[in-house]
Amino acid sequence: MASNIPEKYKTLIKNNKRIDGRTLDELRPVKIKVGVIPSADGSAYIEIGNTKVLAAVHGPKEMFPRHMINEDRAVLNVRYAMLPFSTSERVRPGPSRRSNEISKVTRHALESVIFLEEYPGMGIDLTLDIIQADAGTRATAITAASVALAHAGIPMKGLVAATAIGKINDRLAVDLNGPEDNFGQTDMPIAMISTNKNITLLQMDGDFSKEEFKTALSMAKKAIEPLFEAQRAALQKYYK
Amino acid sequence: MTSIKIIPKKEDTTIKNTNEKKENKTENKDIEQSNKIVLPGDILVESIDFLTGYGTYRDGKTIYSKILGILRKKEHVISIIPLSGPYSPKPNDFIIGEVAYVGYSNWKVNFGHPNDATLPMSGVPEFIENGADLSKYYKRGDLLFAPIDSVTKNMIIQITMKDKRARKLFGGKIISISSSKVPRVIGKDGTMIAQIKNKTGCVINVSQNGRIWIKGDNEPLATKTIKMVEKLSHKKGLTEIISKYLDEELKQMGIKTQKSEDTEKQ
């Protein structure tokens, strides 16, 4: 693996600065826009660094397909898709093993926050389109999704935001970008609820020691705060 | 410091609020009636002296916001006026729906909700004999303006025609807006809708599910105005803005509209 790393990405940290000039606990610049799709009930566009995601919510509406109906609560239907032009190599459109998995974990990350029991027998469709991928697409998608859900007026316990903690050159860093994700050691996306900071998603690609994991969690808690503020600012700006 | 703002500001979200817990306990009897926008998960009050109204939930002592909207406090009930979201049927709400199915003893009425409303035979003012053909009264495609009679937890919605204002709609045109904007279209004590009715000379029926029925010569102007109200719903002094807009539009249309208004008054 080590031999595959290009020369310029061998040292990802120089003088405590990363390749894009950020410090280790710094997020990429965040930009959120609400209400970008008029035909949807709720929508949001988000840019975190070079990762760009479009989230749209349709519903609550009649459940489709009918056999998936749940008479006690609404069903959240998440579709995560990387658009064909989102990476340097074309992505084959349509569901894949990866997109199915991310759709499922995103659904789990958001389901626990939404008051689904208020809409028995209905379905909520959430579409997450990755326009440009530069690491951390699932985290970015979750952050956008909760803004779109709030815009759609769907009752929630709180907002959900997500970021990733990674290990590059044996050091912990927040919100990895493309090269850091590809040539770093570990990537751990974390999603949290704004109210009680409960974790709704935690995955890990690579490995952490026990101590590293603990510091990573506390780093995530700190790093996620600006994301909640960005979400809040975007929603308030839309209604100003 | 007799009053405090319970809603967290932009800069400090939940952290500051937990720090202020002790101060809040003694002071939260006066809550400022502000037009501030609250988001899901915002702390509204930290006290057991308040009841949770629409759009709020309680976790321990704290009352949180559940939806995006504007905070309202009435005596001891804290609720949120939603700024967006689906229409949730409530009893006594008037809806505009289309008869989708004529059954043996009832009608099913589609009003833009995943569950159709039911109009039972007993909900019609006329006496209907058992086994009569119900399409004689209301047939498929008819438009009804009727209040909701009851809503169950499992979303079985019943409407009734036994109401003075309930009726079948003939002619005209239906436009739909977001149901959360309906209060703005009606305005305080119905001022907004009364002004649109008077100035355009149209007959307008506004239903709570966001469908609006318009009939009259100035139908396009009324439609345009209502769409404008929906778009500018968050603005203050909207009734005056709309009043000015209508006057200008009518002036541009010239004498024609004046004449048609006069004829309608006669």
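Entry 1, a sheet in chain B. I note that the model is a predicted one. I looked up an open sheet of three strands in chain B, and its order is E14-E16-E15 with antiparallel pairing. I then asked which strands lie at the edges. They are strand E14 (173–176) and strand E15 (203–206) of chain B, each of which pairs on one side only.

Entry 2, the pairing of E14(B). I found four bridges between E14(B) and strand E16 (residues 211–215) of chain B, in the antiparallel sense. For B:Ser176 I noted a bridge partner in E16(B), namely B:Arg211. I looked for what packs on the sheet and found helix H5 (residues 219–231) of chain B, which touches E14, E15 and E16 of chain B. The direction of H5 makes about 155 degrees with that of E16(B).

I picked B:Asn205, which is found in strand E15 of chain B. Is B:Asn205 buried or exposed? I list B:Asn205 as buried because its relative accessible area is 13%, and the cut-off for buried is under 20%. I then looked up the contacts of B:Asn205, leaving aside neighbours within four places in sequence. I wrote down B:Ile96, B:Phe145, B:Arg167, B:Leu169, B:Arg211, B:Ile212 and B:Trp213. One of these, B:Arg211, is already in my notes as the bridge partner of B:Ser176.

Entry 4, a hairpin in chain A. I moved to strand E8 (residues 160–168) and strand E9 (residues 171–174) of chain A, which run antiparallel and are joined by four bridges. A:Gly166 has A:Ala173 of E9(A) as its bridge partner. I record E8(A) and E9(A) as a hairpin with two residues between them. In the turn, A:Asn169 has a positive phi of about 50 degrees.

I looked up the second largest pocket and noted a volume of about 480 Å³. Which of its 22 lining residues are the closest to the centre? I noted A:Arg98, A:Arg138, A:Asp181, A:Asp187 and A:Asp205. Helix H1 (97–111), helix H2 (137–151), helix H3 (178–183) and strand E10 (186–193) of chain A each supply at least two residues of the lining.

Notes: Residues are numbered from 1 along each chain as its sequence is written. Chains are lettered from A and ligands numbered from 1 in the order in which they are written. This is a predicted model: local features need pLDDT of at least 70, side-chain atom pairs count only at pLDDT 80 or more; totals for chains, interfaces and linings use all residues. Side-chain values use heavy atoms; hydrogens and water are left out. Two strands pair if DSSP finds at least two bridges between them. Contact means heavy atoms within 4.5 Å. Axes are lines fitted to C-alpha atoms, for helices over the stretch in contact, and angles run from 0 to 180 degrees between N-to-C directions. Buried means under 20% relative accessible area, exposed over 50%, partly exposed in between (1.4 Å probe, protein chains only). On a 1 Å grid over the protein atoms alone, a cavity is a set of points where a 1.4 Å probe fits but cannot get out, and a pocket is an open set with protein on both sides within 12 Å along at least five of seven lines; lining residues have an atom within 4 Å of a point. Grid points are joined across faces, edges and corners, and a volume is the space filled by probe spheres set on the points.
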